[in-house]
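Hi there,

Here is the structure I promised to pass along. Have a look, and then read on for my notes on it.

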Amino acid sequence: MANFPLLTAILLTPICGILVLFFLPREANKMMKMIAAVTMAVALGLTVYAYWAYDVALAGMQFTEDIPWVADLGVHYALGVDGISLPLLLLTMLVGFSTVFVSWNVNERPKEFFIQLLVLVVGAAGTFVTQDLLIFLLFYELWVIPTYIMTVVWGSDKRVTKEYAGMKLTIYLLIGSAFLLAGVVALYLNAYPAGLRTFSMEALAQAHALGNLSEHVQIVVFFLLLIGFGSTLSMWPLYSWAPDGYAAAPTGVSMLHAGVLKKVGGYGLIRVGLLVLPLGAKFWAPFIALVAVVNILYAAFITLVQKDLKYLVGYSSISHMGYVLIGFAALNVISIDGAVANMFAHGVMCALFFALIGQVYDKTQTRHIPDLGGLAHQMPRVATGLMIAGMSSLGLPGLVGFIPEFTIFVGAFKEYPFYTLLAISGIVFTALYILRVLANVLFGPRREEFDACRDVSGVELIPLVVLGTVLVVFGVFPQLLMGMVNSGVEPLMPLLNQLHAAPTLLGGVFQ
Amino acid sequence: MIGLAHFLTVAAMVFAIGLYGLLTKRTVVGILMSIELMLNAVNINLIAFSRFITPDVLTGQVFVIFTIAVAAAEVAIGLAMVFRVYRDRNTVHAARLNEMRW
Amino acid sequence: MFSQYALHHAWLIPLLPVIAFIIVGLFLRRIPVLSAAVSVCMSLLSFVLALGVGYGVIDQLITVDNPLIQRMPWLVIPGLTIDMGVYIDPLSAVMLIVVTLVSLMVQIYSIGYMRGDAGFGRFFAYLSLFSATMLGLVIAVNFVQLYVFWELVGLCSYLLIGYYFHKVSAREAAKKAFITTRIGDFGLLIGIVLLQILFGTLDFQHLGVSVPAYVAQQGTGLLTVVALLIFLGPIGKSGQFPLHVWLPDAMEGPTPVSALIHAATMVVAGVYLVARAFFLFSVLPNAMEVIAWIGAFTACFAASIAFTQRDIKRILAYSTISQLGYMMLALGVGSVTASMFHLTTHAFFKALMFLAAGAVLHGLPDKNDIFAMGGLRHKMPVTFAAMTIGVLAISGIPPFAGFFSKDEILLAASQVSMPLYVIAVLTSFMTAFYMTRLLVVVFCGPEKPDNHPHEAPVSMRIPLVVLGILAIIGGYIPYAYHFGDWVRFGPALHMGLNWTIAGTSTVLSVAAMALAWFIYGSGKATSDKLARRFSALYNLSYHKYYIDELYLWLNHTFVDGFGKLLYWIEIYVIEGIVNGLAHLSLQLGDWLRRKQTGNMQRYGYIMFGAALLIVAGLLLLNPLFKGVLCGGGY
Amino acid sequence: MNEWAYTAAFFIFAAVTVASAVGVVTKNDLVHSSLLLALCFVGVSGLYVLLQADFLAAVQLLVYNGAIAIVFVLGTMLTRRSIRHGTNHSEADAPSRLIGLISGLFVAVTLGVIATTPWNYSSAGAVQDTPAVLGRLILTDYMIAMEVAAVLLLAAMIGAIVLAKGVDEE
């Protein structure tokens, strides 16, 4: 069992599902959904096993695999997970598993839909498990095309048409990944002299210690990566794809995008940005912190005036990503612990939110908040789910959102007291918009027009139960998550300690 | 002493001449001829490199063999297209074959 | 020994209601009888355990200086360790008993009050969850545990205020409660974060050691700021001015909830927090002064609003705010004992009054206005008796419970500051006045012909009787058994009645009651005349000084206005730039498209020329790009 | 080989190659151009000989002269039946000076690159018996490439036939 290629198996399971789906006849509608569900269940099971079997005390990369792929370029099919990537892998599988059930009612071209859904899952899972930068980029690019097709074919028009939203999303991500590619190539060429070059993240992370990467190079390359990952993470002002995209995309894609893909940006910033280019990260940190605060407050205020449920969650997720950014920018173990954990927390919460909005839209045929109201009468289960998701969003203790935010605040306050103060004020505005939407959608007088809407039941209930349980369990026992995350972040402590004296943008005027 | 630089210079000149022909000739056949010149210039380069940089392995020469094969294929197709175009339009005047604009 | 067992298994006290919540919430929502039975049983067990803890504290000589603490790591990362645990000292023991007792009473009461309600099971699930979180708050060993449960009781309060969620007013009140307290929690959270950064720990016991040392070394400057930020939390939770606005609206919830959460237990969490963190506040004289003044002002201010309110529950709500101000005042003048004593007695008599009010509302459905009631004493004798006891207790008439605790507060205030004492006495006068007004208007006078009141069922009367007895004896017995020796901060101070102060306040209270009787009870409509005479003051008080309107206006104008402004920027500036760029590239493409002549040779030389220029440029600029371009250093 | 003779041979072949290449693009008659192209190929094969690539020199003569040049002549004759003169004019409105400049610039840039590049000369002797070695290489290391090239040639042949013959477009 020791040498069983667990991570490859996790990646291969959905791929097998894709192959099977590919050869199924078009009419086998139910069958396809069953197969997608079964493959995702197996993948989720394997991931949970990995999470359980990961040795937190030992830390470091585990379940590693390494097969040379393009030896001349230094590309390896290298897999491995540590405390940073494993929670995010778990997140991917949880959300991916849920999306299958959320999409249970897709009856228009189900074959293509589920194949692409599984492709998205593979792409996200691949970015988290790979230890090779080039393969990372390959998996990352796997997202772009299915997202576009799914948005345009299965999406819905809102403030903007779905074609516009899909195109915007795709082009934004492509431009971001162009910057990313430029940064990665520059990194590749500069990290090692000819002949020794490699895309291995581990080896690249050594380059700084060996003195191969000058401060100048690190600053430039980090900036390129920041734009690339920042647009994925919906960093201000590179986020305008997010609300439109989420609103237009089908529920499953919104869940995966908001829940998982955004986290690839944050993961990349830490795994590539911080580990490989510590001086660059330090240089830009004050700037990131400033942007983070803008993210939090600006998006929170905009969320306050949204009228569409999906736009609301879209802007709110931008606001939440600000917490991740400021946690990253503070560059200490506590804050980065919080940032990584917050990515997990937000992913689950956001996915649950979108799943429920999908259900509400399914039943009532509207997402316009003023048209809704009193749904708790007809749909108590949806109401419970929305309560849990909303409460997690506003950082209620006992749900998974609180501890990550708290750790971020504790970590970030040391570095940026003023910014953190502003960031904490975000919790008030979050409460304001979350409670407003809960009140307006769920409570109030019973409305006759929704009497025909039945509550979620059967298969539709699975994602709600799974995600809701995760929110509660990880909230009540935060060490399950934080212990894992910390085992990945704590080894960075020597690196982070070195950075104290490193120069920052404008000598830290922004602080 | 004749060295690598000499051969490369000759190749560069042939290539430049081919380029000039490629860009100025009126007929497609003339353009194809210019392309052949350029291909030959490249072949000279390959063999010269093979001779002076890595004389003990014949990679460059193998490369040239494939170039020649491709060139032959290209001429065959190119001329066939010329015949075809000539039969359809009664001209081989390159400037008039501008359907691809916009 | 049972008390031994209770002391070491005190974590069961909050856990039992959690179990009740899970069982009822998941399985028994549709079965009213079982859900009530499970909840009440678990509450009873909790109460018994809490009594055991109380006995154990006395038996084992556990004092505030020698607490019994159990900890279990909850979150461990380098530089931030947070435990969950049980902190048992007389302070928390008193709270445990009060909370479990009132919670048990309210649950029994609810069986009758909520009978036939569609959400009966849900209601009991929420009540159990509330008990659990409140008890968790009481036994908190550190600030984070306290904050966790602090927020969770806020959630329960939100859920229960919005219990009748089909009512728009209930929904809005719930929202308002949550958001207003959140504003306070914002300060509390910052304060906690700052404490963690300053001291590296949030544990009460450890902080209790390091805070005085810090003050001795570094002075009080920053720590005062921290303390005031933390105090923002209690301001929100305990309805202190200026964040008191949510508490009257919270009366939209079912009356048992108002009794349990918004009178007896949750709202005093702020007082408990300050008492628990008294090691911090007591060394910061400036912070203490702020607390005292906010408390005194709130007490007086809320009483002045209660004068003119007509809704029976709102009057009680303002009186709660006022009494909470009293407790804060006591803390501000440095007397944890007085504050906690008043907290205890207040829990008894205020819960009693709320439950009595609930009985009235139960007897007269859909009538909230006290002037629509009247003459109920004949039809509802038990309720009348209960309310009378409550009014006497809150007015500070000996030997009712409120007398002893109020006297403690007045005594403590008089020792520190005369103005505070005067305000406190004035408030005491006002309290006696408006409470008597309530009693007289509701129960005395002629019966209204279209009212058909009936006495409450047995399950509602039992709690009234129990709490009534406690409101009578709940002051004297602790007084006689040296409450102050146990619940205190610093050295024990023996309580003694100061007859001057006690006498003054008693006389004033009696005078106020007489005045109220004269105005409202003597049958002459002098109250209307007074209202007309002082119409400006009356309106100001009746409209709660227009503070709600001000907040609403601020919220609409600034918060939403700012949101709209930013959304405008978002749509027209940021989106504009994005779409503008897209449009630009489209235009560029269109322009370039027209440059396509279809002439291959032209394409050819342009391409070649450009490529050559680039290569030539790179050749000339090679030193600049060395290593990045041009072969990457080959 | 004698140094002097080698140098002389290089310059002769180079001169033949370049001069006939110039002829190819300047002559106005396609047939002349085709013949000069053949001559140019001969010069190139001479250069191959000097580079000790005798097998390739032979291939050059066979394929280029024997096949390609002949095809060009054939093509010329098939497309221009009567008048031969003026069949290979330069485009009238082509900016030939600019293009000349570009070509000149190309030579200049290439010379610059050649001059500035630090070449890694090897002193090893050339491989003798190149046909055998090449054969072995093609059938071992470059097996797949050869197969692909074979398929390409086949495809080109079929394509050429189809194109030249024309398809019934009914």
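Residues 6-26 of chain D are 100% helix and 0% strand, with 30 Å between the end C-alpha atoms. Please bear in mind that this is a predicted model. I picked that stretch on account of UniProt, where an unreviewed entry gives the feature "transmembrane region" for residues 6-26, 33-51, 57-78, 98-122 and 142-164 of chain D. Another of these spans, residues 33-51 of chain D, comes out at 95% helix and 0% strand, and its end C-alpha atoms are 27 Å apart.

Of its 170 residues, 29% count as buried. Among the contacts in chain D with a separation of 6 or more, 59% are between residues 24 or more positions apart.

In the model, residues 6-23 of chain B are 100% helix and 0% strand, and their end C-alpha atoms are 26 Å apart. For residues 30-50 of chain B the figures are 100% helix, 0% strand and 31 Å from end to end, taken between C-alpha atoms.

How do chains B and D meet? The contact involves 61 residues of chain B and 72 residues of chain D. On the chain B side, the elements that each give two or more residues are helix H1 (4-24), helix H2 (28-52) and helix H3 (59-89). H3(B) provides the largest share, 21 residues. By class, the chain B side holds 44 nonpolar, ten polar and seven charged residues.

Finally, a helix pair in chain A. The axes of helix H13 (residues 309-330) and helix H17 (residues 402-415) of chain A come within 8 Å and cross at roughly 45°. Because of that angle, H13(A) counts as oblique to H17(A). The crossing of the two is left-handed. From H13(A), the residues Tyr323(A), Ile326(A), Gly327(A) and Ala330(A) take part, and they meet Glu405(A), Ile408(A), Gly411(A), Ala412(A) and Glu415(A) of H17(A). In this contact of H13(A) with H17(A), five residues are nonpolar, two are polar and two are charged.

Best wishes

Note on methods. Residues are numbered from 1 along each chain as its sequence is written. Chains are lettered from A and ligands numbered from 1 in the order in which they are written. This is a predicted model: local features need pLDDT of at least 70, side-chain atom pairs count only at pLDDT 80 or more; totals for chains, interfaces and linings use all residues. UniProt positions are given in the numbering used here, feature names are shortened, and annotations may be inferred rather than shown by experiment. Helices (H or I, at least four residues) and strands (E, at least two) are DSSP runs, numbered from the N terminus. Axes are lines fitted to C-alpha atoms, for helices over the stretch in contact, and angles run from 0 to 180 degrees between N-to-C directions. Angles under 35 degrees count as roughly parallel, over 145 as roughly antiparallel, 65 to 115 as roughly perpendicular and the rest as oblique. A crossing is left-handed if the near helix is turned anticlockwise from the far one by less than a right angle, and right-handed if clockwise. Two residues are in contact if their C-beta atoms, placed from the backbone, lie within 7 Å. Ala, Val, Leu, Ile, Met, Phe, Trp, Tyr, Cys and Pro count as nonpolar, Asp, Glu, Lys and Arg as charged, and the others, Gly among them, as polar. A residue is buried if 20 or more other C-beta atoms lie within 10 Å of its own, exposed if 12 or fewer, and partly exposed in between; C-beta atoms are placed from the backbone.
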